[in-house]
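Dear colleague,

Please read them alongside the coordinates.

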Amino acid sequence: MNFFMRVIRAIKRRVYAPQVRVTSAESVVRLGSSYGGWSFVDRPALHDGLVVSCGLGEDASFDVELAQRYGCRIVIVDPTPRAVEHFQQLRFHCGQPASRPYTSHGTQDVRSYDLQSVSENQFMLVAKALTNQCGEVKFFAPPDENAVSYSLVNFQNGYAQNTAHIEVEAIDARSLLTEAGLGDVALMKLDIEGAEIVVIPDLLESGFRPEQILVEFDELNWPSRLSTERFAGVHSQLMEAGYMVSHFDGRSCVSYVR
C-alpha cells in the first residue's frame, strides 16, 4: 500500500471509527504473537475446554499458546490451502520445543511454536469456510498475491465479483456443531475476513452461545459508512444476546464475554 492510500485509510478510520465501550470488569490476558495474538478473559471453562478457532492463516501462535496453557482442544476452521499446509506442519511438530522467535508479520515458521507439552490430539481441522450456508462458494484471493487470507466477502477487491478466486466447501453454524461433535464451547475466535457479518447472526439464531467470542471485523480495516453500519448491527445483536465487551483494540478486533 502506497503512502497516499495509507493517508486516505487513516482519515477514513478517524471519520468512521466505531464507538465500542468496554463493559466487562474482568481481567484480560493476551496470548500469541504481536501479529496473531488475541485478548480474552481468563476463565475456568478454558481449562481442558473446547475452543473453536475460525481462521488460521499462517500464524497459529494464539491457538498453540491456548493449548499449552489450558490443555484445551482446538478445532480450527479454515479451507485456505496455505493454512491447511501450515496446520499439517504444526501437528507434525507437536512435542518439540520452539527453536526460533516469532516474526512480526503473519507468516510464522512452525519452529517458532513451543509444542513440547502439546499433543497433536489437541488439534482438529475442519477445512471448510464458515458462513451462513452449506455448499460450494467462491473464496476470493487477496489483491496482494503474497497475502494468505482469502475472503467470502470480497471487500479486499472492492466487493467485485469477477476477481481471482477458488471454489471451497462452506459450512454453517449448525452443521459445524454437528459435524465436529461440538458441545459447550469455552471460546470461539472469528478471523474470517468479513464473513463474521453473516456468521454471527447465524450463530445466535442457532442458539449457539460460546462463553467468549473474539472477532476481527475485517471490513473496519477498509473504513466506510457501510462497514461501520454493518459492524454496529452485529455488535447490537451480541449485546442483546447477553455479551459484554472485554477488550477492543481501537481498530477492528473486539472480544466479547457472556
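What covers the buried residues of H5? The model is predicted, so that local features need pLDDT of at least 70 and side-chain atom pairs count only at pLDDT 80 or more, whereas totals for chains, interfaces and linings use all residues. Residues are numbered from 1 along each chain as its sequence is written, and side-chain values use heavy atoms, with hydrogens and water left out.

The cover over the buried residues of H5 includes strands S6 (129-130), S9 (187-190) and S10 (212-216), together with helices H4 (173-179) and H6 (225-240), where contact means heavy atoms within 4.5 Å. Helices (H or I, at least four residues) and strands (E, at least two) are DSSP runs, numbered from the N terminus. Seven of the ten residues of H5 (196-205) are buried, which is to say under 20% relative accessible area, with exposed being over 50% and partly exposed in between (1.4 Å probe, protein chains only); among them are Ile-197, Val-199 and Leu-203. Just after H5, Gly-207 has a positive phi of about 85 degrees.

Strand S12 (residues 253-257) is largely enclosed by the rest of the structure, because five of its five residues are buried. Cys-253, Ser-255 and Val-257 point one way from S12, and Val-254 and Tyr-256 the other. S12 runs antiparallel to S10, joined by five bridges, and pairs in the antiparallel sense with S11 (residues 244-248) over four bridges, pairing requiring at least two DSSP bridges between two strands. Val-257 stands opposite Gln-212 and also opposite Met-244.

With best regards
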